[in-house]
Amino acid sequence: MIAYRTATPDDADTLAEVHRIVQLDTYVPIFGPSPLTLSLEQRRAEWNTFLARGDLALVATADGAIVGFSHATGPVMETLYVLPAWHRHGIGRALFNQTRAALAERGLNEMTFNVLKQNDKAVAFYRAMGAHVIREELKSEPECDTEDFVFAIATRS
């Protein structure tokens, strides 16, 4: 059974590991060995920062192990990832809806997020969830540039 909860600082190490696994699975097929994938140590530092400053972070667990997560800073959903073995179990949908609801509880009316244009599965998923593209954006990263869709969706249905 899948359970959902708010992430705690004790989850930082596991979140970093899951984040790295999912990023490799997502971006290596698109970019090859991905310059966008941070080291495990860098991911741990990020998660410690996110959780310490009170960002919204939700986790999905199966038998106590984290199998997916979402993270939002203010109205921006920064990430929503599910381990590949757990795709097509409704976890992404549940995390997306719970993130929207949590942002609504924080008084925010809209959630926005970037999706890599070449990530066809994610683009299709978010469109199916009712989000719409509000603009395209070129993101300049030190390692490479990416083209993103910026999506938006109301936090209340």
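This is a predicted model: local features need pLDDT of at least 70, side-chain atom pairs count only at pLDDT 80 or more; totals for chains, interfaces and linings use all residues.
**Entry 1: strand 2**

I started with the side chains of strand 2: Leu56, Leu58, Ala60 and Ala62 point one way, Ala57, Val59 and Thr61 point the other way, and all of them are buried. For my own notes, buried means under 20% relative accessible area, exposed over 50%, and partly exposed in between, with a 1.4 Å probe and protein chains only. Helices (H or I, at least four residues) and strands (E, at least two) are DSSP runs, numbered from the N terminus.

Residues are numbered from 1 along each chain as its sequence is written, and side-chain values use heavy atoms, with hydrogens and water left out.

How many residues of strand 2 are buried? I found seven of the seven, residues 56-62, so the strand is largely enclosed by the rest of the structure.

**Entry 2: the partners of strand 2**

Next I looked up the pairing; two strands pair if DSSP finds at least two bridges between them. Strand 1 (residues 2-6) runs antiparallel to strand 2, and five bridges join them. There, Ala3 stands opposite Thr61. Strand 3 (residues 65-73) is also antiparallel to strand 2, joined to it by seven bridges. On that side I see Phe69 as the bridge partner of Val59.

Strands 2 and 3 make a hairpin with two residues between them. Asp63 sits in that loop and has a positive phi of about 50° although it is not a glycine. I wrote this down because most residues other than glycine have a negative phi. Is Asp63 buried or exposed? Its relative accessibility is 82%, so it counts as exposed.

I came across another such residue in Arg88, with a positive phi near 65°. Arg88 lies in the loop between strand 4 and helix 3 (91-105), and at 85% relative accessibility it counts as exposed.

**Entry 3: helix 2**

Then I turned to helix 2, residues 40-52, where Arg43 has its place. Arg43 is buried, with a relative accessible area of 5%. Its side chain makes a polar contact of 2.3 Å with that of Glu46. A polar contact is a pair of N or O atoms within 3.5 Å; within protein, one must be able to donate a hydrogen and the other to accept it, and residues adjacent in sequence count only if both atoms are side-chain atoms.

Which residues of helix 2 are buried? I listed Arg43, Trp47, Phe50 and Leu51. Seen down the helix axis, the buried residues fall within an arc of 90°, so they line one face of helix 2; the arc is that of the directions from the axis to the C-beta atoms. They pack against helix 1 (12-31), strand 2, strand 3 and strand 4 (76-82). The face turned away from the buried side carries the exposed residues Glu41 and Ala52. After the helix comes Gly54, whose phi is positive, near 85°.

Last, I checked Tyr126. Leaving aside neighbours within four places in sequence, Tyr126 is in contact (heavy atoms within 4.5 Å) with Met77, Leu80, Phe96, Phe113, Val115, Ala131 and Phe151.
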